[in-house]
Amino acid sequence: MSSPPLKDLVEEWIALDPNPETRKEIQDLWDSRNVDELEKRLRTRIEFGTAGLRGRMEAGWSRMNDLIILQTSQGLSDYVLEHVKDAHNRGLVVGYDHRHHSEHWAQLTAGIFISKGIKVYLLRGFNHTPMVPFSVKQLGAACGVMITASHNPKQDNGYKVYWENAVQIIGPHDDGISKAITSHSHQGAPASQLDIFQSNLLVDMTKQLQTEYFEYLGSLLTNRELNSDSGNKFVNTSMHGVGDYFVKEGFSIFGFPSYTPVIEQQQPDPEFPTVKFPNPEEKGALDLALATAEREGINYVLAQDPDADRFTAAERRATGGWTLFTGDQLGSLFASRVFETYKASGKPIEKLAMVASTVSSKMIQSMADVEGFKFEECLTGFKFIGNTALRLVDQGFDVPFGYEEAIGYMFGSQVRDKDGVAATMLFGELIAALRRQGETVEGHLEKLYKRYGYFQTSNSYFTCTDPKITDKIFARLRKYNVNPSLSGAVYPKTLAGLDINRVIDLTTGYDSGNPPTYKPSLPLSSGHMIQIRAGNQDTSLDKRD
């Protein structure tokens, strides 16, 4: 079927969009004959991908705006009613962060669900992302939605979906929801505007749920007396996000005596004025935090991303300068501490399991081989980490930890998603325990390397907004230096001067291992991922939605 003329797409958008500002955006582009921009905005629809939707806040079907939120919520609510038992009464949990339009879009989402007779638990005020999966689990809700773009630039926002199991959606639900949304792609806002705050289907349990979340956080505590040592001082940055309130409360629960925030980044600010990119992994993002620590004479910096589901840290070196820990190093440190805590509990080690995604270091696998617990690798993203953890629990394992190298860490059974606040608290406990022993974190990490082997991570990325170019890049990897018309895949033989000893293509199912030792626990339903193992290093090339 041929694509409709651009003029038809413009007219349809203007007819359906309930927001006068975004209608005017498209009209102005049409009046100025900016065809290229209109093609980008209107020709393709934003994909319902890895964690729902995420994109730039602008007019158009390829962007985030009121109409996309309304159509997405219409499709999602229809799908939930069809596939979740007693969805009307179990309800939807909706949370939002401080980004532009987040609160408004949370209310639009709530309005669609309420219009279909579904109870809505709207988390009032700014909440960090883990509050949504936590609340879905606590309430036994049918699903959850968090309006956030996590650590993306200020121009972006997103719509993250959790299923009734309180984990980000995977197949077949992601595909099913996407099709349900498409069925509403030619519909606008409902004819009657609903005042959600006058509906008895809107329920506010925010304070109670936050109290229960902090009780869960306290359940992770192991030694409050040790944490209260007056020498344990930290600088914390919430990166202009929503984490400060939750981290301060966590410090009180865990007994850490000194909370020094980065004042310039302490309060929520959707403009993120002090950082070009509000991701603690980015070069320069921790500069203000490190400067604060230098000024205050403090040896540790803790950081969360704006929606506080990710965490990173830095330690002052005795010789000067700072060690900024990688996501894999922190994952290995957390895994070791979780193992030691589990071992001290007297529980059988063979019942312990941990999970990490395929793009993460294999150091935990080495730990598991040495110590006798189970390690399972899964596909990229916490939707796979969380669901893999639930499957292992069904098999009789305890799964107290999972992680991904992109500074995401999962602890305990109440939140099967990454939680930067929990990670902050448990890293503080690790520092307190090591300080009592006269050790630094970097020194302890070196001991772990000596026991389990040395693992090195050097990550980078490129941003590509054109799916066609992305497809060409991965097609070339599968036909490397070979005529593309030839049948069969031919992958590269060397990488950066290293001989490649294994290639795993999780999109096609190809694995050069003989016999293969890794089988993904869940299929990759969209996007691309190729893992190349060269020498003693792993390089994962993946396209993330």
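**View 1. A four-stranded open sheet runs in the order E13-E12-E14-E15, with mixed pairing.** Its edge strands are E13 (374–378) and E15 (408–411), each pairing on one side only. This is a predicted model, where local features need pLDDT of at least 70, side-chain atom pairs count only at pLDDT 80 or more, and totals for chains, interfaces and linings use all residues. Residues are numbered from 1 along each chain as its sequence is written, and side-chain values use heavy atoms, with hydrogens and water left out. Strands here are DSSP runs of E with at least two residues, helices are runs of H or I with at least four, and both are numbered from the N terminus; two strands count as paired if DSSP finds at least two bridges between them. E12 (residues 352–357) pairs with E13 in the parallel sense over five bridges, and Ala 353 stands opposite Lys 374 in E13.

**View 2. E14 and E15 make an antiparallel pair with four bridges.** Gly 402 sits opposite Met 410 in E15. The hairpin of these two strands has three residues between them, and Ile 407 takes a positive phi near 50° there. In a regular strand, side chains alternate between the two faces of the sheet. Which way do the residues of E15 point? Gly 408 and Met 410 go one way, Tyr 409 and Phe 411 the other way, and all are buried. "Buried" means under 20% relative accessible area, "exposed" over 50%, and "partly exposed" in between (1.4 Å probe, protein chains only).

**View 3. Helix H13 (residues 327–344) lies across E12, E14 (398–404) and E15.** H13 runs at about 170° to E14; axes are lines fitted to C-alpha atoms, for helices over the stretch in contact, and angles run from 0 to 180 degrees between N-to-C directions. The unreviewed UniProt entry carries the annotation "domain: Alpha-D-phosphohexomutase alpha/beta/alpha" for residues 46–185, 212–315 and 327–452. UniProt positions follow the numbering used here, feature names are shortened, and annotations may be inferred rather than shown by experiment. The span 327–452 is 55% helix and 17% strand, with its end C-alpha atoms 17 Å apart. For residues 212–315 the figures are 33% helix, 18% strand and 32 Å between the end C-alpha atoms.

**View 4. The largest nonpolar core has 67 residues.** A nonpolar core is a set of buried Ala, Val, Leu, Ile, Met, Phe, Trp, Tyr and Cys residues joined through side-chain atoms within 4.5 Å. Which members touch the most others? Phe 334, Phe 401, Tyr 409 and Phe 427 do. Helix H16 (residues 420–436) gives the most to this core, with nine residues. Leaving aside neighbours within four places in sequence, Phe 427 is in contact (heavy atoms within 4.5 Å) with residues including Leu 302, Phe 311, Phe 325, Phe 334 and Val 441. A second, separate core of 51 residues includes Leu 38, Ile 46, Ile 69 and Ala 106.

**View 5. A six-stranded open sheet has the order E1-E5-E4-E2-E3-E6, with mixed pairing.** Strands E1 (53–56) and E6 (202–203) are the edges, each pairing on one side only. Helix H6 (residues 102–115) packs on this sheet, touching E2 (92–96), E3 (120–122), E4, E5 and E6, and its direction makes about 170° with that of E2. E4 (residues 143–147) and E5 (residues 156–162) pair in the antiparallel sense over four bridges. Gly 144 stands opposite Tyr 162 in E5.

View 6. Lys 418 and Asp 309 have their closest N and O atoms 3.6 Å apart.

**View 7. Glu 37 and Arg 63 meet in a salt bridge at 3.8 Å, N to O.** Glu 37 belongs to helix H3 (residues 35–42), while Arg 63 is in the loop between E1 and helix H4 (66–83), 26 residues apart. Both Glu 37 and Arg 63 are buried.

Note on methods. Salt bridge = Lys/Arg side-chain N within 4 Å of Asp/Glu carboxyl O.
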